[in-house]
Amino acid sequence: MAVETHRFEVSSKGNSQVINLSDGVEACLAGGNIQNGLVCVFVTGSTAAITTTEYEPGLVNHDLKAALEHIAPEDGRYVHEETWHDDNGHSHVRATLIGPSLTVPLVDGRMVLGTWQQIVLIDCDTRSRTRAITVQVVGEK
Amino acid sequence: MAVETHRFEVSSKGNSQVINLSDGVEACLAGGNIQNGLVCVFVTGSTAAITTTEYEPGLVNHDLKAALEHIAPEDGRYVHEETWHDDNGHSHVRATLIGPSLTVPLVDGRMVLGTWQQIVLIDCDTRSRTRAITVQVVGEK
Amino acid sequence: MAVETHRFEVSSKGNSQVINLSDGVEACLAGGNIQNGLVCVFVTGSTAAITTTEYEPGLVNHDLKAALEHIAPEDGRYVHEETWHDDNGHSHVRATLIGPSLTVPLVDGRMVLGTWQQIVLIDCDTRSRTRAITVQVVGEK
């Protein structure tokens, strides 16, 4: 049994941009030795989230953004913005509801994702950000 | 320390049917030897989700479906549907927001769930599906 | 490799009160010996949720509650309430959508949280509750 910590960064434009992390996570796994266990993909920060989706343009560029806009509208009233004189209250709310962490079983060196199921970062902030992704793997070599 | 991989399938009708997985997960644990650690319950695919709820008919057959219909209406506009000529844009959005993974502490052979807290699959797709559930356990015998 | 189980309780007022658990979780880690691995924070019960947020009054006392009220209104129709003659249908729906579990990578004794990213309990129930939090740590000393 072992623990392997991998990290990588992604550049995002914010505004609920959806970024495919699957290749990045798989590269981390290929650079390690654990074959069976758990893979936790985590984004540091309170305005971004990790989940899975089918990474295709309709969902990624329109449909998910529309749902998030419905849940926490960009031009809604946020006391966070009144307090801190910023504009990302909706970003915090969206990220909090989805959450910053995803755990995936690793079986014989492969994550049990579907063909059309990609690991994604949703960056809900209102500006470009560089995001630090931690891929923590616990299991057997 | 060890890793144990269990799998089982469930048949769903889709349309945000909520299916109780607790018995299936407990049967996996009973068939293994790990007594303390983490249990990750994961559904492969991008139109289904895993979470916990009180598995009682009101919540399961009406209230959760009504909330999901509010968040991502079945008859909303989805570019995913326009692109692929299908009808499950809302299914993808709902599954993405809830997420496909749940991790539960295992203590002395039992998951720390409440009496009225069941592990559930929510199948958001628009047709019957057979869903592959992976139960990955990492811990001590 | 080892597994360490910690538990603590928090008192909440319900009504989607957001409670900062970061200090409590860090105290658990300080009382254990695992330095690298995974930390799973789990709330037992079906009307509360665990996630991360920036713990500041605007988000915590207004913005998150407003979003949850939008997603599952307190005065909406819930068959759960009609069946059980209670008033917490919205509590169950909110908790189910967010989920009861959060997994965070632990690296060199520290969780990879951001400075403004706290682990929080959102207690969606309609009354005061004492909540049991399990902090399960799997990894290397």
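This is a walk through how the chains of this model are arranged and how they touch one another. Keep in mind that the model is predicted.

Let's start with the symmetry. Two copies of a chain are related by a rotation about an axis and a shift along it.

Now look at what chain C does with its neighbours. On the side facing chain B, 28 residues of chain C are in contact with 30 residues of chain B. The elements of chain C that put two or more residues into this side are β1 (2–12), β3 (36–43), α3 (79–84), α4, β5 (101–107) and β8 (129–140). Of these, α4(C) gives the most, with 5 residues. Sorted by class, this side of chain C has 13 nonpolar, 14 polar and 1 charged residues.

Turn to the side that touches chain A: 30 residues of chain C are in contact with 28 residues of chain A. The elements of chain C giving two or more residues here are β3, β4 (48–53), α2 (57–71), β5 and β8. The largest share, 7 residues, comes from α2(C). By class, the side of chain C that touches chain A has 15 nonpolar, 11 polar and 4 charged residues.

Two packed helices are described by the angle between their axes and the distance between the axes. For helix α2 (residues 57–71) of chain B and helix α4 (residues 89–98) of chain C, the angle is about 70° and the axes lie 10 Å apart. Angles of 65 to 115 degrees count as roughly perpendicular, and that makes α2(B) roughly perpendicular to α4(C). The crossing of α2(B) and α4(C) is right-handed.

Which residues make this contact? From α2(B) come Leu59(B), Asp63(B), Leu64(B) and Ala67(B), while α4(C) brings Gly89(C), His92(C), Val93(C), Thr96(C) and Leu97(C). Split by class, the residues of the contact of α2(B) with α4(C) are 5 nonpolar, 3 polar and 1 charged.

Methods
Residues numbered from 1 in each chain as written. Chains lettered and ligands numbered in written order. Predicted model: local features only at pLDDT ≥ 70, side-chain atom pairs only at ≥ 80, totals over all residues. Axes fitted to C-alpha atoms, helices over the stretch in contact; angles between N-to-C directions. Helix = DSSP H or I, 4+ residues; strand = E, 2+ residues; numbered from the N terminus. Parallel < 35°, antiparallel > 145°, perpendicular 65-115°, else oblique. Left-handed = near helix turned anticlockwise from the far one by under 90°. Contact = placed C-beta atoms within 7 Å. Nonpolar A, V, L, I, M, F, W, Y, C, P; charged D, E, K, R; others polar.
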